[in-house]
Amino acid sequence: MNFTSLDLTIFIGYCLLIILMGYFVSREKKGHVKNSNDYFLASKALPWWAVGASLIASNISAEQFIGMSGSGYALGLAISTYEWMAAATLIIVAIFFLPIYLKEGISTMPQFLLKRYDSRVRTTMAIFWLLVYVFVNLTSVLYLGALSLNTILGVPLGYGIAGLAVFAMLYSIYGGLKAVAWTDVIQVFFLVAGGLATTYLALSIVGDGDVWGGFTSLVKEAPKHFKMIIFEGEMMIPDGAGGERDAYLDLPGLSVLIGGMWVVNLNYWGFNQYITQRALAAKSLNEAQKGMVFAGFLKLLMPLIVVIPGIAAYVIVREGLDTSFIQSMTDPEAGIIKSDRAYPTLLQLLPTGLKGLAFAALTAAIVSSLASMANSTSTIFTLDIYKNFFDTKASEKKQVRVGRITAIAAFFLAALVAPALRQLDQAFQYIQEYTGFVSPGVFAIFIFGFFWKKTTSNAALTAAALTIPLSTLFKFMAPGLPFIDRMGVVFLIISAVIIGVSLYEGKGKDHPNGIEITPDLFKTSTKFKIGAILIAGILAALYTVFW
C-alpha cells in the first residue's frame, strides 16, 4: 500500500490520539494512589455507552477484520451467525447473568467460582483461562494483525507482531482497564468508519462504481455465499494447503441455531473475563444492561463491515476482475490463494485519505483487543493466582505492579508463539475450535452453578477436568464431526456427569453455596426491554431473508 502524506497524517494522528487519551484518562486525582479497583475495574464508573463501545472494541479485532473476512471469502454470509447470534446472547447475558455477578460482588470469573464452589474450581479454571487468553486469543490477534501489516505495507511478520504488542502496551499497561475502556470509545468510531469505507470500496469494484449494483452482483454471482444455513456436501472451501474440504465442518447446518453455537456464544459473552469485566466496571446494573443492548445493535452491523468485503473479494478473484488483486491474495511462500489475505488486499485499493482511515480502523480493532485480553489476563493472574498463592497480603500498590508485569509477560509469550499460525487458511476458525476445547466445561460449570443449587464442588471440578480430554478425544476419534457439534456433544456429556456426581454426592440436598434466585433479580428497565425487542425483530427478519 502506498501511503500518501494525508494517509500517514491520519494514521499517526490516530496513534497519538489513542496514546494521549490513554494517559489522560489514567491520571488520578492529587493524593490518590491507583488501587486494584481503579486498575482492574476502571473505578466502577463506566456509563452505558462506554460499556457498549468497549465491549465491541474488545471483541472486534483482527480475528474479525482479517479472520472473519477470510471466512466470508470462503464460507460467505453464514459466518455472520457468530455476530448476529451474539446480539441475542448479549440480551440473555444482560438479563440472567449480570444480576447474579453484581449480586455476588465479584471482580473476576474465578472469584465467582470460589464463592459458588471452592478454591480448587477457582484455581483450575483460572489456569485454563490464562492459557487460552495467552496462547489462543492474544497469539491469534497478534498474528492476524501482523499478517495485515505484511500484506498491506510489506512489514516482516516478526516486526509486525512486535510493533503491535508495543503499541498496545504503550497506552494500556499504565492505566489498566480505565485506559482500555475509554480509548475503546474512540477506537469504535475508527473501527466503524474505516470498516464501512472498505465495504464501500469492495462493492464499488464489483459494481463498477455502483455500490448497490455491486451488492446485487454479489448475490447473483455467489448465491451460495448468501445462505445462512450450510448443509453437508453443499459447499467446498479451501483447506489452507491447496485442497478443499466441506464447509459443513465449520458451520454444520441447523446446529448453528439450535446446537453447539449457543455454547460458543454464551460462554464467550457470559463467562469470558475480558468481556464481562466491562459490565462489572459499569456504574450500575442498569448502565451495564443498557451498554449490552447498545453492543447488541453494533453486532447487527458488523457483518456489513467484516463479512461483505470477504464475499466481494471472492467474486473479484473468481471473476478475474483484478489481476493485481489476485496476486496480492496469493501467499508468496505457499503459492496459493489464502482466504485471510482478502481484507488486507482490499485495503490496498482504497483512495487517498481513506487508506489512512481504514488502516487506523484495522489497527484500532487489533490493539483494543490486545489491550483488553492482556488486562484481563493480568486481572485473573493477580487476583486469583498471585494474591491467593504467593502474597495473600499484597498491598493495593503491589497488586497493580504485578498486574502490569503480568500483562507484559503475556504479550511476550504470545509474540513468541504467534508466527506458528502462518500455516492456517482461516485463523478465525482456529480461534473458535481451540477455545472450544474449554468452552463446554466452562459453560456447564457456570450454568449449573447459577440455576441448580444441588451442583457440588466436586461435580464442577470433574467437569473442569473432563472438558479438554473429552474435546481432544472427539477431535481425533471422530474427525468428521464438526467442532461446533463436538462442543454440543461434550457439553451434554459433562452436564450428565455434573448431575450424576451432584446427586450421588449431595444425596439430593442443596449445596450450601447455592445461589438464591428470586424473580425480582431479573427485572429490567423499559428502555432495555424496547431495545431487546427491536434486536429480536431484526434478527428474525435477517434469518428469514437469508435462510
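This is a predicted model: local features need pLDDT of at least 70, side-chain atom pairs count only at pLDDT 80 or more; totals for chains, interfaces and linings use all residues.
View 1. Ala 57, Ser 58 and Asn 59 of helix 3 pack against Ala 365, Ser 368, Ser 369 and Ser 372 of helix 18. Helix 3 comprises residues 48-59, and its axis comes within 7 Å of that of helix 18. The two axes cross at roughly 100°. Because angles of 65 to 115 degrees count as roughly perpendicular, helix 3 and helix 18 are assigned to that class.

**View 2. Contact between helix 1 and helix 18.** Helix 1 (residues 5-26) and helix 18 (residues 354-390) have axes that come within 7 Å and cross at roughly 25°. With an angle under 35 degrees counting as roughly parallel, helix 1 is therefore roughly parallel to helix 18. Asp 7, Ile 10, Phe 11 and Tyr 14 form the helix 1 side of the contact. On helix 18, the contact is made by Leu 354, Lys 355, Gly 356, Leu 357, Phe 359, Ala 360, Thr 363, Ala 364 and Val 367. The crossing of helix 1 and helix 18 is right-handed.

View 3. Helix 5 spans residues 81-104 and contains 24 residues. From its first C-alpha to its last, helix 5 reaches 32 Å, close to the 34 Å expected at 1.5 Å a residue. A kink of about 40° is centred on Ala 94.

View 4. Ala 86 is a residue of helix 5 and has a relative accessible area of 1%. Ala 86 is therefore classed as buried, the cut-off being under 20%. Leaving aside neighbours within four places in sequence, Ala 86 is in contact with Thr 81, Asn 265, Trp 269 and Lys 299. Lys 178 lies 92 residues from Ala 86 along the chain, and the C-alpha atoms of these two residues are separated by 25 Å.

**View 5. Contact between helix 5 and helix 21.** The axis of helix 5 comes within 11 Å of that of helix 21 (residues 439-451), and the two cross at roughly 75°. This angle makes helix 5 roughly perpendicular to helix 21. Helix 5 contributes Phe 96, Phe 97, Ile 100 and Tyr 101, which meet Phe 446, Ile 447, Phe 450 and Phe 451 of helix 21.

View 6. Gln 273 belongs to helix 13, which covers residues 273-280. Eight of the eight residues of this helix are buried, so helix 13 is largely enclosed by the rest of the structure. The buried residues are Gln 273, Tyr 274, Ile 275, Thr 276, Gln 277, Arg 278, Ala 279 and Leu 280. Gln 273 has a relative accessibility of 0% and therefore counts as buried. Not counting residues up to four places away in sequence, Gln 273 touches Ser 107, Thr 108, Met 109, Pro 110, Tyr 133, Ser 376, Thr 379 and Ile 380.

**View 7. Ile 316 in helix 15.** Helix 15 covers residues 308-319 and includes Ile 316. With a relative accessible area of 0%, Ile 316 is buried. Ile 316 and Ile 326 are ten residues apart along the chain, and their C-alpha atoms are separated by 8.0 Å.

Terms used. Residues are numbered from 1 along each chain as its sequence is written. Side-chain values use heavy atoms; hydrogens and water are left out. Helices (H or I, at least four residues) and strands (E, at least two) are DSSP runs, numbered from the N terminus. Buried means under 20% relative accessible area, exposed over 50%, partly exposed in between (1.4 Å probe, protein chains only). Contact means heavy atoms within 4.5 Å. The expected span of a helix is 1.5 Å times one less than its number of residues. The bend at a residue is the angle between axes fitted to the seven residues ending there and the seven starting there. Axes are lines fitted to C-alpha atoms, for helices over the stretch in contact, and angles run from 0 to 180 degrees between N-to-C directions. Angles under 35 degrees count as roughly parallel, over 145 as roughly antiparallel, 65 to 115 as roughly perpendicular and the rest as oblique. A crossing is left-handed if the near helix is turned anticlockwise from the far one by less than a right angle, and right-handed if clockwise.
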